[in-house]
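Trainee: Could you walk me through reading helix packing and pockets in a model like this one?

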Amino acid sequence: MHNPQHLLPLLLFYRHLVEKGSAVKFRCEREALAEALGTASRAATTGRTGALPVLTGLRLELVGDRLTITGTDLDLTITLSLEVGGERDGGVVLPARLASDIVRSLGAGKVELSADGDDVTISNGRSQFTVRPLSFDDYPKVAAPASNAVTLPSAQFGDALRQVVRAASSDEARPMLTGVLMTAEEDGLRMVATDSYRLAVCDLRGQQVLAANQKVLIPSRALSELQRLLSNGPEVTMRLGDNHATFEVGNTRLSTRLIEGEFPNYKQLIPASHPNSLTVEREALLEAIRRVKIFASSKDATPVRLQMGGDVLRLTAINQELGNASEELDAEFSGTELLVAFNPDYLAAGVEACTGDHIVLSTSEPQRPAILRGKGVDGYLYLLMPVRVQ
């Protein structure tokens, strides 16, 4: 009969392996591994306080020649898979920032990663690093995505994200405004974002992504990360669950929790009429804003003033301490001559988001919202609240 005491060291050793991860060994080109680690790291809680220590790590799991790398902060998860030269299947959790920095610092060629026991060795040529792993057992399980899937062209979806995400708020005290609303319209998908100072609305006509009357609120942070991934494939697959949205591009999957709550009634913010219309060359306006905003101090919230009337647009920034700047542009204007002022950063962001060679700025009164559109371009508008000036 075996003495149970003889089994104790073996049981303790097995428990240690489960906690730290199992032995794993593979080789991979440095550039591919560095890119994958860097991408997954953007979902880890690196630099944030109050999070579980294991969430500062990346989970690496090898099966055959397929390496899967996962980073998560429980709200956002990024998972990538890539082909490597596998030698020993297993898994390990590495500190995200440290592992990424190490691999990025190495020379060209193949990197070997080997985990066995307490340490993980990362080597390349004559360089070698030894890293202490995090608890493999404590790393959270990633939920499987919903089964229903729709596919969108990456380029079209990416353009819409570029136009809309910029208007979302970064203030976590107002979580509803940190999201992008996706809602089903009769002619396709509508995307909306606002931070209460500006509003962006983009229509993807012909894209029946959601069910009739369905709407979801997706964190803008997740969609900002998704924008970086869309170049990895010609199409993006979206899957919506009860409280998660998952996007797949190539060998990368991004999953995010949906924001619960009611998005503001944005339609009531859009003016029914705007009798004043200014048309100006887009690039010329953008460059002029960038020049005059040199005097637009963010500390003092100095606005850029637009004097509209006739065939000239005059931009002015007045700073009581530094001086002032002004520039005139050729323009077409119809309506009543008026002076209106805007936050220069918000104005530049709106002009940049619009497409087409010319911009149409529609207004009613100096203190009423203005709307930016590309001339002759349907499907996108950028509403901007003016700044009161004396």
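Predicted model: local features only at pLDDT ≥ 70, side-chain atom pairs only at ≥ 80, totals over all residues.

Trainee: How do I read a pair of packed helices?

Mentor: Two packed helices are described by the angle between their axes and the distance between the axes. Here, the axes of helix 2 (residues 30–41) and helix 3 (residues 96–105) cross at roughly 155° and come within 9 Å. Helix 2 and helix 3 are therefore roughly antiparallel (angles over 145 degrees). Their crossing is left-handed.

Trainee: Which residues of helix 2 and helix 3 meet?

Mentor: From helix 2, R30, L33, A34, L37, G38 and S41 meet A96, A99, S100, V103 and R104 of helix 3 (contact means heavy atoms within 4.5 Å). By class, this contact has 6 nonpolar, 3 polar and 2 charged residues.

Trainee: At what angle do helix 4 and helix 5 pack?

Mentor: Helix 4 (residues 154–164) packs against helix 5 at about 140°, with the axes 10 Å apart. In helix 4, F157, G158, L161 and R162 meet L223, L226 and Q227 in helix 5. The residues of this contact divide into 4 nonpolar, 2 polar and 1 charged.

Trainee: And what counts as a pocket?

Mentor: On a 1 Å grid over the protein atoms alone, with a 1.4 Å probe, a pocket is an open set of points with protein on both sides within 12 Å along at least five of seven lines; lining residues have an atom within 4 Å of a point. The largest pocket has a volume of about 370 Å³. Of its 18 lining residues, D75, E172, T178, P219 and R221 are the closest to its centre. Helix 5 (220–229) and strand 17 (252–257) each give two or more residues to this lining, and helix 5 gives the most, with 3 residues.

Trainee: What is the volume of the second largest pocket, and which residues are closest to its centre?

Mentor: The second largest pocket has a volume of about 270 Å³. Of the 18 residues that line it, T77, V142, A143, H244 and S255 are the closest to its centre. Strand 16 (244–249) and strand 17 are the elements that give two or more residues to this lining.

How values were computed: Residues numbered from 1 in each chain as written. Heavy atoms only, no water. Axes fitted to C-alpha atoms, helices over the stretch in contact; angles between N-to-C directions. Helix = DSSP H or I, 4+ residues; strand = E, 2+ residues; numbered from the N terminus. Parallel < 35°, antiparallel > 145°, perpendicular 65-115°, else oblique. Left-handed = near helix turned anticlockwise from the far one by under 90°. Nonpolar A, V, L, I, M, F, W, Y, C, P; charged D, E, K, R; others polar. Points joined across faces, edges and corners; volume = space filled by probe spheres on them.
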